[in-house]
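Subject: Structure handover

Hello,

Here is the structure I promised to pass on. Please open it beside this email and follow along.

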Amino acid sequence: MATAALSRDGKEFVFEWEGKDKNGKVVRGELRTGGEAAVSATLRRQGIRVTKVKKRKLSGGKSIKQKDIAIFTRQLSTMMKAGVPLLQAFDIVARGSTNPKMTRLLNDIRSDVETGTSLSAAFRKHPLYFDALYCNLIEAGEAGGILEQLLDRLAMYQEKTMALKNKIKSALTYPIAVMIVAFIVLTVIMIFVIPAFEDVFKNFGAELPAPTLMVIAMSKFFVAYWWLIFGILGGGGYFFFQSWKRSEKMQKTMDRLLLKIPVFGDLINKSVIARWTRTLSTMFAAGVPLVEALDSVGGASGNAVYSDATEQIQRDVSTGSALTTSMQSTGVFPTMVLQMAAIGEESGSLDHMLAKAAEFYEDEVDEMVKGLSSLMEPFIIVILGVLIGGIVVSMYLPIFKLGAVV
């Protein structure tokens, strides 16, 4: 049991209480309200004599992530399918959450629903966590009386989307991590190791080989301007990602470039198509009209190229064009997706055929990630071997030359 209230200064508190019921049995629980007096009053109305109240302020906590929202959706879907009332389901999920921020969010939504606000309207008050796609599906479920089914579809959609993103991250994390470690190792060699060799070579009294001179010159540059190198890399990377994040023009440019990168571009393209078809399938199956469904599909794809293509499709469909024809005119969808969409339109099972297309491309992404993992490892080893091995050989060339003279 939980109630939502605010103290006079606007802060929210959770009170852990202990007391005895009408039969003298010791009972414990938590109550969310604005003060100890409210706790005692609420419990007294329920026939509980309070013996101890302890205030626990809800502060801090980890930020709410997409994974938290997906878990909440699955839990809510499971409980509603089991016949648990909506408000009670929110209470159970909120109490079970280990993140205070998530608990506050769920209690805020529960309070709105308890006062007569629709569930979709309550979710729309928190756009940072519940996007238009989420709210539209909830609204469609409420209107059609199939909220349990829609929550199940929504939970499945979020789980599939997260799994796809995690696969992409796993494919990109390994090479990026290795490159960062390689840069750190090379920096240590350039700044600390090579200068020690240079001091030894000064006593040789012979001309050093060209590769050795080149590596020593690079080392001197690193030692003299390491602050500038790290400043340019760090500052340049920061401003690059900030402009990518905030500039719409930069986002569109980078999204186009990402799709053209060898190997990785194909992986990103297939993952975007999988998200696009999965989103449209989920929306259409929920009974959302096609033109309205396309509002959420473009943003959910995660790529500006497909977002622009979706806007064009929406304009064409709203003027009477067939979905397949509109998709084909954009020139970004593969033949397989177009054929599946055409079959779906003709047979009246568009949501089913788009879901099949999404499953196909999700499997493709999975296979590509496995292939890239096995391919990137020897490729990276060769690159590191050439870089570090080249430096080591350059440093030992004068020693080999001296041994030959002796």
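Below is what turned up, starting with salt bridges.

Keep in mind that this is a predicted model. A search of the whole structure finds 12 salt bridges.

Lys52 and Glu18 form one of them, at 3.9 Å from N to O. This pair joins distant parts of the chain. Lys52 sits in strand E3 and Glu18 in strand E1, 34 residues apart.

Arg278 and Glu362 make another, with their closest N and O atoms 3.0 Å apart. Here the link runs from helix H10 to helix H15, across 84 residues of the chain. Arg278 has 8% relative accessibility, so it counts as buried. Glu362 is buried too, with a relative accessible area of 8%.

Glu114 and Arg110 stay local. Both lie in helix H4, four residues apart, or about one turn of the helix. Glu114 is partly exposed at 46%, whereas Arg110 is buried at 8%.

There is also a network of salt bridges, which links Arg74, Lys81, Asp152 and Glu159.

Next, helix packing. The axes of H2 (residues 66-81) and H3 (residues 86-96) come within 10 Å and cross at roughly 135°. That angle falls between 115 and 145 degrees, so H2 is oblique to H3. The crossing is right-handed.

Last, the surface. A nonpolar patch there has about 680 Å² of accessible area together, and its members include Ile176, Met179 and Phe192. Met179 belongs to helix H7 (residues 147-201). Its relative accessible area is 56%, over the 50% cut-off, so Met179 is exposed.

Best wishes

Terms used. Residues are numbered from 1 along each chain as its sequence is written. This is a predicted model: local features need pLDDT of at least 70, side-chain atom pairs count only at pLDDT 80 or more; totals for chains, interfaces and linings use all residues. Side-chain values use heavy atoms; hydrogens and water are left out. Patches are made of residues with over 30% relative accessible area and no salt bridge: like charges are joined within 9 Å, nonpolar side chains (Val, Leu, Ile, Met, Phe, Trp, Tyr) within 5 Å. Accessible areas come from the Shrake-Rupley method with a 1.4 Å probe; for residues, only the protein chains shown count as cover. A salt bridge is a side-chain nitrogen of Lys or Arg within 4 Å of a carboxyl oxygen of Asp or Glu. Helices (H or I, at least four residues) and strands (E, at least two) are DSSP runs, numbered from the N terminus. Buried means under 20% relative accessible area, exposed over 50%, partly exposed in between (1.4 Å probe, protein chains only). Axes are lines fitted to C-alpha atoms, for helices over the stretch in contact, and angles run from 0 to 180 degrees between N-to-C directions. Angles under 35 degrees count as roughly parallel, over 145 as roughly antiparallel, 65 to 115 as roughly perpendicular and the rest as oblique. A crossing is left-handed if the near helix is turned anticlockwise from the far one by less than a right angle, and right-handed if clockwise.
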